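Me: I would like to go through a structure with you. Could we start with the surface and then turn to the backbone?

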Amino acid sequence: FGNPSNRISAEASTGLTAYLEGLGAGNYSGFQITINGCIITPTGTTPVSLSDPTAPTFTVGTAVKPTTCGGTNGSIPLTGLTANTNYSVSYQKDGAAATVGTLTSNASGVLTIGSLGAGNYTNITVTLSGCTSAAKSATLSNPSYTLAISTPTNPTTCGGTDGKIAFTYGSGTIPDGIYSMSYSLGGSTLTKNITFGNPSNRISAEASTGLTAFLTGLGAGSY
């Protein structure tokens with residue numbers, strides 16, 4: 001009582017104010033103070049209710065899947081948050097232990113969880129001022145690759161192994177590289193390396209219609 005720091009300009013002419021501080025949410029009643037043996041009971045309506053701030057709410061936006069299988073450049077946007085605000089973010093991937101960190105929403109109130117790989121993300125929550133949102137979930141999938149069998153080329157000699165089978169794929173789908181392809185021949189499962197993105201595997205007509213990779217070193221047979 002009487003602490004000038006508890007006064008505001010309007011109170012100077014109407015009365016003084018003292019504060020019961022350090023309280024959490026709840027319903028408070030039965031207020032009394034004792035001064036020199038005299039009990040003072042404040043007037044006013046009781047109970048006095050204090051409530052926590054409203055917990056943040058958000059909507060999971062359109063997830064961006066990683067651009068390659070095994071990649072970690074996917075992301076999950078959380079929309080509808082307060083702009084330019086730091087939130088504690090927590091989520092679980094495929095049931096593993098929770099990942100927790102601090103992220104900041106942008107001027108549009110969108111907070112983006114980045115550097116994510118394919119998986120099921122559950123228990124996504126944001127916390128502000130000690131209040132935690134309801135949990136949401138999202139799923140990121142690996143990219144879908146399109147590969148089609150194209151024209152085969154027969155070996156040039158009997159018993160030769162210079163035959164090949166062409167496979168077409170769209171530009172920007174399968175990353176350049178050498179991959180192991182499995183296939184069946186005569187009831188056996190075999191594997192060979194096949195190169196994608198090698199300019200020597202392209203012809204001028206393919207530049208505008210797609211790309212072609214070749215499974216080479218093949219003899220006559222039904223593949």
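Me: What kind of model is it, and how are residues numbered?

Reply: This is a predicted model, in which local features need pLDDT of at least 70 and side-chain atom pairs count only at pLDDT 80 or more, while totals for chains, interfaces and linings use all residues. Residues are numbered from 1 along each chain as its sequence is written, and side-chain values use heavy atoms, with hydrogens and water left out.

Me: What percentage of the residues is buried?

Reply: Of the 223 residues in the protein chain, 25% are buried. Buried means under 20% relative accessible area, exposed over 50%, and partly exposed in between (1.4 Å probe, protein chains only).

Me: Which residues form the nonpolar patch on the surface?

Reply: Leu20, Leu23, Val48 and Leu50 form it, with about 330 Å² of accessible area together. Nonpolar side chains (Val, Leu, Ile, Met, Phe, Trp, Tyr) are joined within 5 Å, and like charges within 9 Å. Leu23 is partly exposed, at 36%.

Me: Changing topic, how many helices and strands are there?

Reply: The protein chain has two helices and 17 strands. These are DSSP runs numbered from the N terminus: helices are H or I with at least four residues, strands are E with at least two.

Me: Where is the cis peptide bond?

Reply: The bond from Thr46 to Pro47 is cis, with omega near 0 degrees. Pro47 sits in the loop between strand 3 (38-40) and strand 4 (48-50).

Me: What is phi for Asn84 and for Ser115?

Reply: Phi is near 50 degrees for Asn84 and about 55 degrees for Ser115. Most residues other than glycine have a negative phi, and most peptide bonds are trans.

Me: Is Ser115 buried or exposed?

Reply: Ser115, in strand 9 (residues 111-116), is exposed because its relative accessible area is 62%.

Me: And Thr125, buried or exposed?

Reply: Thr125 is buried, at 13%. Beyond its neighbours within four places in sequence, Thr125 has contacts (heavy atoms within 4.5 Å) with residues including Phe58, Val89 and Ala134.

Note on methods. Patches are made of residues with over 30% relative accessible area and no salt bridge: like charges are joined within 9 Å, nonpolar side chains (Val, Leu, Ile, Met, Phe, Trp, Tyr) within 5 Å. Accessible areas come from the Shrake-Rupley method with a 1.4 Å probe; for residues, only the protein chains shown count as cover. A salt bridge is a side-chain nitrogen of Lys or Arg within 4 Å of a carboxyl oxygen of Asp or Glu.
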